[in-house]
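Welcome, and thank you for opening the viewer. Keep the sequence panel beside the picture, and select each residue as we come to it.

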Amino acid sequence: NLCSKWAATDVIWIRIKSICTWSNNDCWPNSIGEYKCLIRGLKMIKKISFWVRLAGWSGLISGSSVLVLYQYTHNIMFLINIITIILFSAYALATANDKRWTNTDWLLRVILIVLVFVSILPTIFLGIGYFIERKRNQH
């Protein structure tokens with residue numbers, strides 16, 4: 001399948017009319033069908049980036065609710081949970097465009113860690129990104 005051939009490579013930038021820059025310069029699309037496949041792959045990567053950013057922001061929302069619980073109880077466990085949530089959210093927001101998020105094995109590990117240590121809300125958004133990435137890898 002042509003799309004699976006191009007989905008395995010790393011696209012950095014694309015301009016339809018003349019230039020397609022790749023991480024390895026020996027792969028160049030030759031036809032309109034290949035360009036359409038590249039564009040579909042880029043759209044999927046942008047969708048994953050969106051869901052990762054949304055997971056980062058939703059982590060901060062759940063962090064604010066944990067902060068309220070800390071203010072009421074002054075329990076040190078809530079403070080440790082706030083630090084964990086802030087670290088995850090900062091990491092997700094800073095690396096949302098990284099190609100690491102397109103690796104389904106790594107993304108599934110992150111989902112499990114976020115489910116255990118952060119909150120269920122970012123886990124839902126990362127799960128949506130995971131299923132989008134699995135769909136992209138199947139084509």
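## First stop: Leu60

Leaving out neighbours up to four places away in sequence, Leu60 is in contact with Ile85, Ser89 and Leu93, where contact means heavy atoms within 4.5 Å. Select Leu60 and you will be in helix α2. Helices (H or I, at least four residues) and strands (E, at least two) are DSSP runs, numbered from the N terminus. With 33% relative accessibility, Leu60 counts as partly exposed. On that scale, buried is under 20% relative accessible area, exposed is over 50%, and partly exposed lies in between (1.4 Å probe, protein chains only).

## A word on the model

What you see is a predicted model, in which local features need pLDDT of at least 70 and side-chain atom pairs count only at pLDDT 80 or more, while totals for chains, interfaces and linings use all residues. Residues are numbered from 1 along each chain as its sequence is written, and side-chain values use heavy atoms, with hydrogens and water left out.

The protein chain averages 78, and 68% of the residues score at least 70. Residues 1-28 have a pLDDT below 50, and this stretch has 45 contacts in the model beyond near neighbours in sequence. Confidence is lowest in strand β1 (residues 11-14), with a mean of 40, and highest in helix α3 (residues 76-94), at 95.

## Step back to the whole chain

Switch to a cartoon view. There are five helices and two strands in the protein chain, and from the N terminus on they run α-β-β-α-α-α-α. Of the 139 residues, 38% are buried. Among contacts with a separation of 6 or more, 56% join residues 24 or more positions apart.

## Into the core

Which residues have the most contacts inside the largest nonpolar core? Select Val52, Phe88, Trp101, Leu107, Val110, Val114 and Leu126, which hold that place in a core of 21 residues. A nonpolar core is a set of buried Ala, Val, Leu, Ile, Met, Phe, Trp, Tyr and Cys residues joined through side-chain atoms within 4.5 Å. The elements that give two or more residues to this core are α2 (32-73), α3, α4 and α5. In soluble globular proteins, nonpolar side chains tend to be buried together.

Zoom in on Leu126, which is found in helix α5. Leu126 counts as buried, at 1% relative accessibility. Beyond four places in sequence, Leu126 touches Val52, Ala55, Phe88, Trp101, Leu107, Val110, Ile111 and Val114. Leu126 and Arg53 are 73 residues apart in sequence, yet their C-alpha atoms are 9.3 Å apart in space.

## Along helix α4

Go to Thr104, in helix α4 (residues 104-117). Is Thr104 buried or exposed? Thr104 is buried, with a relative accessible area of 16%. Away from residues up to four places off in sequence, Thr104 touches Tyr130, Glu133, Arg134 and Asn137.

## Out to the surface

Show the surface and select Ile61, Leu108, Leu112, Ile113, Leu115, Val116, Phe117, Ile120, Leu121, Ile124 and Ile128, which form a nonpolar patch with about 1000 Å² of accessible area together. The elements giving two or more residues to the patch are α4 and α5 (120-138), and α4 supplies the largest share, six residues. Ile128 lies in helix α5 and counts as partly exposed, at 31% relative accessibility. Patch members have over 30% relative accessible area and no salt bridge; like charges are joined within 9 Å, and nonpolar side chains (Val, Leu, Ile, Met, Phe, Trp, Tyr) within 5 Å. Accessible areas come from the Shrake-Rupley method with a 1.4 Å probe, and for residues only the protein chains shown count as cover.

## Two last selections

Select Asp98 and Arg100, whose side chains meet in a salt bridge (3.8 Å, N to O). A salt bridge is a side-chain nitrogen of Lys or Arg within 4 Å of a carboxyl oxygen of Asp or Glu, and a search of the whole structure finds one.

Finish at His74, in the loop between α2 and α3. His74 has a positive phi of about 55° although it is not a glycine, and counts as exposed at 57% relative accessibility.

Notes: pLDDT is the predictor's confidence in each residue, from 0 to 100.
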